[in-house]
Amino acid sequence: MTDPTPVRAPLEDIALFLRRLQWTALGVGACWLLWVLAPVLTPFVVAAMLGWLGDPLVDRIERTGRSRNTSVALVFTLMALLVVLVLVILVPLIERQITTLIVSLPTYRAWFTETAIPWLEQRTGFQIGVWLDLNHMIELVRSNWERAGGVATTLLGYLSRSGFALIAMIANIALLPVLTFFFLRDWDKLVERVASLVPRDYLGTVSRLAKESNDVLGAFLRGQFLVMLALGVMYGVGLWGVGLDLGILIGIIAGLLTFVPYLGPASGIILGVIAALVQYGDWKHVLGVLAVFGVGQVVESYWLTPKLVGDRIGLHPVAVIFAVLAGGQLFGFLGMLLALPVAAVINVLLRYAQERYTHSRLYAGDQPAAPLEPALEPAGADAAERESKQ
């Protein structure tokens, strides 16, 4: 009896290998081109991400009967107003908080050297003050801040000494709104053109993976951004209500670090407790700080994350940290922008590869799975059964 399983000709295997080799070469070439053009591509990538984030709102407004251009104009105006609002409110607020921190550095230095370090030395037996020259460290930070006059002043001073860098920065800032408008207007057309280039044999698989990647990216970027914003406001207002002079700055830091689970609240609690002890030196305000972050964690766990993010991401915190560091090392600032979206897409591809592997002959084998052994019966059961049959 002949085996009904079809045998693939060697030429078909060679053709399949060549096709896979072509796709691999195309991927390697795209990575090399991205590495070469990284300084130029930054405004395009930022504009594409903004266009992708705003496209669902444009489509929703368009379904109400308005034209595409009108919908794009409304969404673009809303995005521009949000950026201006953030710059007008947040930048002066952060500047005042940093100024308060610089002025308070001597108080923090005295607290560390006179209270915290002696308390730790008394209970641990280690001479921490000998290892750490805290006075020198704090004076170094303060002198550098005062000499630099802030990050913006240093950056502008460097750019003013480099004419080409200054022109490039101005060009990127001017290009960003223009590119964002065009990406918003033509996003659906770009998606259709990319879909038309996909080989027809792979269209179903590519469409499925693209939809899953879009869901993951949407859940992560849109949802996580809203969670970070909500928690940053909640922590900042709460710590300000407790009475901390640096409460808003600590809240912003904790909100920004929320994309890594446990890192945001942990850092916020440590900074908040230290600020409360330095400023007031009592446990009442420490309990207030803990209450703020406790309420924030309850709201995040039971409302914000389930509503805004969901459980479709599947990115481990270690993977998030590694992706950001690896992207910055390989492609600089552009790599840090692309790190999380690329990691999310890779996660989708790995799940698909695992699914294909578990359905492959390599995993399942040629033979069906062996039946499970029958459960062991109690001692004497076989003898009793034979006696009953007799």
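Hi everyone. From the N terminus on, the elements of this protein run α-α-α-α-α-α-α-α-α-α-α-α-α-α. That is 14 helices and zero strands, where helices (H or I, at least four residues) and strands (E, at least two) are DSSP runs, numbered from the N terminus.

A quick word on the source. This is a predicted model, in which local features need pLDDT of at least 70, side-chain atom pairs count only at pLDDT 80 or more, and totals for chains, interfaces and linings use all residues. Residues are numbered from 1 along each chain as its sequence is written, and side-chain values use heavy atoms, with hydrogens and water left out.

Let's start with the annotation. The unreviewed UniProt entry marks "transmembrane region" at residues 32-53, 73-94, 164-184, 225-242, 248-278, 285-305 and 317-350; such annotations may be inferred rather than shown by experiment. Take two of those spans. Residues 73-94 are 100% helix, with end C-alpha atoms 31 Å apart. Residues 285-305 are also 100% helix, and there the end C-alpha atoms are 28 Å apart.

Now to the inside. Of the 390 residues, 27% count as buried, meaning under 20% relative accessible area with a 1.4 Å probe, protein chains only. Which residues touch the most other members of the largest nonpolar core? They are Trp52, Phe183 and Leu340, in a core of 21 residues. A nonpolar core here is a set of buried Ala, Val, Leu, Ile, Met, Phe, Trp, Tyr and Cys residues joined through side-chain atoms within 4.5 Å. Helices H2 (38-62), H7 (163-197), H8 (203-242) and H12 (317-358) each give two or more residues to this core, and H12 brings the largest share, nine residues. Apart from this core lies another, of 20 residues, including Ile250, Ala276, Val289 and Phe293.

Back to Trp52 for a moment. Leaving out residues up to four places away in sequence, Trp52 touches Trp187, Asn214, Leu217, Gly218, Leu221 and Arg222, a contact being heavy atoms within 4.5 Å.

Finally, a helix pair. H9 (residues 247-256) and H10 (residues 263-279) pack at about 165°, with axes 7 Å apart; the axes are lines fitted to C-alpha atoms over the stretch in contact, and angles run from 0 to 180 degrees between N-to-C directions. H9 and H10 are therefore roughly antiparallel to each other, a label for angles over 145 degrees. On the H9 side the contact is made by Ile250, Ile253 and Ala254, and on the H10 side by Gly264, Ser267, Gly268, Leu271, Gly272 and Ala275.

Key
Buried < 20%, exposed > 50% of the residue type's maximum accessible area, 1.4 Å probe, protein only. Parallel < 35°, antiparallel > 145°, perpendicular 65-115°, else oblique.
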